[in-house]
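Walk through this model one element at a time.

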Amino acid sequence: MSEASNKKAIISLAVLQTNYDNKLINGTKVGYIENFVLLCINLVKQNNYESIDLENIEKFKNDFTEMYGLNIPVMVMNVILSRAKKIGMFYKEERKLIPNKEIIEKELPSKTTPKESIRKINTLHRNAKEYIFKEYKKNYKIDDIEVALLKLLSKHNIDLLYLAETNNNLLPDVSKSINNEQLDLDYLLYKYIIYIEENDYSLFKIFEDLCVGYMLLNSIVYANDNRMEGKLDNITLFLDTSIILRLLGFEGETHKKKYEELILYIKKNSTTIS
């Protein structure tokens, strides 16, 4: 994926969180699927779609990835478009979805540019660059910081209680960025996130919003996946080193309390911990 895709993906995560907290669609609060309906109808409006070919959803899905940097599977895109049709954004004509321009115009009266999300993301990136240079005398490009941020979000999806096993790359693939310089930055960005968590809530809130956006992105794929259903009965969970260190308080009281709550929840659900 290109540097432009990385930037688009990060901004899109911020937009997902903002929409979920603040937007209405058809007069009701946006749910996790409707969140993506808003992105789809914005794409339809921006690209002047006259119809979506149901025999070739792949094309619309690729346009979605190009605009937002998010790689939504075709089957999931079908679910999103079905919901969009159900709430009146499209009507079906043979094997095509025709945009209901009157309804779409009502929901999105003008082409939207997420100026506030872009401003916040730029602030986070710029501050991270300045902090790393000040504290560690390392000077990185913003593009490299974006790669490190995507890697950090993707790496800790288990910490976010999502995606215990998956082969879907919902974000741009940055796994090939493994040179020593980039690995150093990955660690320094992690240190920066810990620093702002303890010292600057306004900046940490931007990162927190990206985490929420990432969970919303995951939810659209896994909310209806039967593999994710079930109880914790008769399961043995093994705690890795990072979780144990957080329980011991090595990464601050905030992490310690959160993981203590997680362990308490697991114990209450009759699960063995090793």
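Val76, Met77, Ile80, Leu81 and Ala84 are the buried residues of helix 4. Buried means under 20% relative accessible area, exposed over 50%, and partly exposed in between, with a 1.4 Å probe and protein chains only. Viewed down the axis of helix 4, these buried residues fall within an arc of 140°, so they line one face of the helix. The arc is that of the directions from the helix axis to the C-beta atoms. An α-helix has 3.6 residues a turn, so residues three or four places apart point the same way. Met75 and Lys86 are exposed on the other side of helix 4.

This is a predicted model, in which local features need pLDDT of at least 70 and side-chain atom pairs count only at pLDDT 80 or more, while totals for chains, interfaces and linings use all residues. Residues are numbered from 1 along each chain as its sequence is written, and side-chain values use heavy atoms, with hydrogens and water left out.

The length of helix 4 can be checked too. Its 13 residues, at 1.5 Å a residue, should span 18 Å, and the end C-alpha atoms are 18 Å apart, which agrees. The expected span is 1.5 Å times one less than the number of residues. Glycine 88 follows helix 4 and has a positive phi, near 95°. Helices (H or I, at least four residues) and strands (E, at least two) are DSSP runs, numbered from the N terminus.

Now step back to the loop before this helix. Leucine 70 lies there, between helix 3 (57-68) and helix 4 (74-86). Leucine 70 is buried, with a relative accessible area of 0%. What does leucine 70 touch, not counting residues up to four places away in sequence? Its contacts are Ala9, Ser12, Leu13, Leu16, Phe64, Thr65, Leu170, Leu171 and Leu217. Contact means heavy atoms within 4.5 Å.

Two strands pair if DSSP finds at least two bridges between them. Strand 3 (residues 52-53) and strand 5 (residues 96-99) pair over 2 bridges. Isoleucine 52 has leucine 97 as its bridge partner in strand 5. Aspartate 53 stands opposite lysine 96. Strand 4 (residues 90-93) is joined to strand 5 by 4 bridges. There, tyrosine 91 stands opposite isoleucine 98. The hairpin of strand 4 and strand 5 has 2 residues between the strands, and glutamate 94 takes a positive phi near 55° in this hairpin.

Charged pairs come next. A salt bridge is a side-chain nitrogen of Lys or Arg within 4 Å of a carboxyl oxygen of Asp or Glu. By this rule the count comes to 11. Glutamate 55 and arginine 95 meet in one of them, at 2.9 Å from N to O. Glutamate 55 lies in the loop between strand 3 and helix 3, and arginine 95 in the loop between strand 4 and strand 5, so the pair ties together parts that are 40 residues apart in sequence. Glutamate 55 is exposed at 56%, while arginine 95 is partly exposed at 42%.

Glutamate 50 forms a salt bridge with lysine 101, with the closest N and O atoms 3.1 Å apart. Glutamate 50 is in the loop between helix 2 (32-46) and strand 3, and lysine 101 is in helix 5 (residues 101-107), so this pair links parts 51 residues apart in sequence.

Lysine 205 and aspartate 209 also form a salt bridge, at 2.7 Å between the closest N and O atoms. Both lie in helix 9 (residues 201-222), 4 residues apart, about one turn of the helix. Lysine 205 is partly exposed at 28% relative accessibility, whereas aspartate 209 is buried at 11%.

Finally, the whole chain. It holds 11 helices and 7 strands. Of its 274 residues, 41% count as buried. Among contacts with a separation of 6 or more, 70% join residues 24 or more positions apart.
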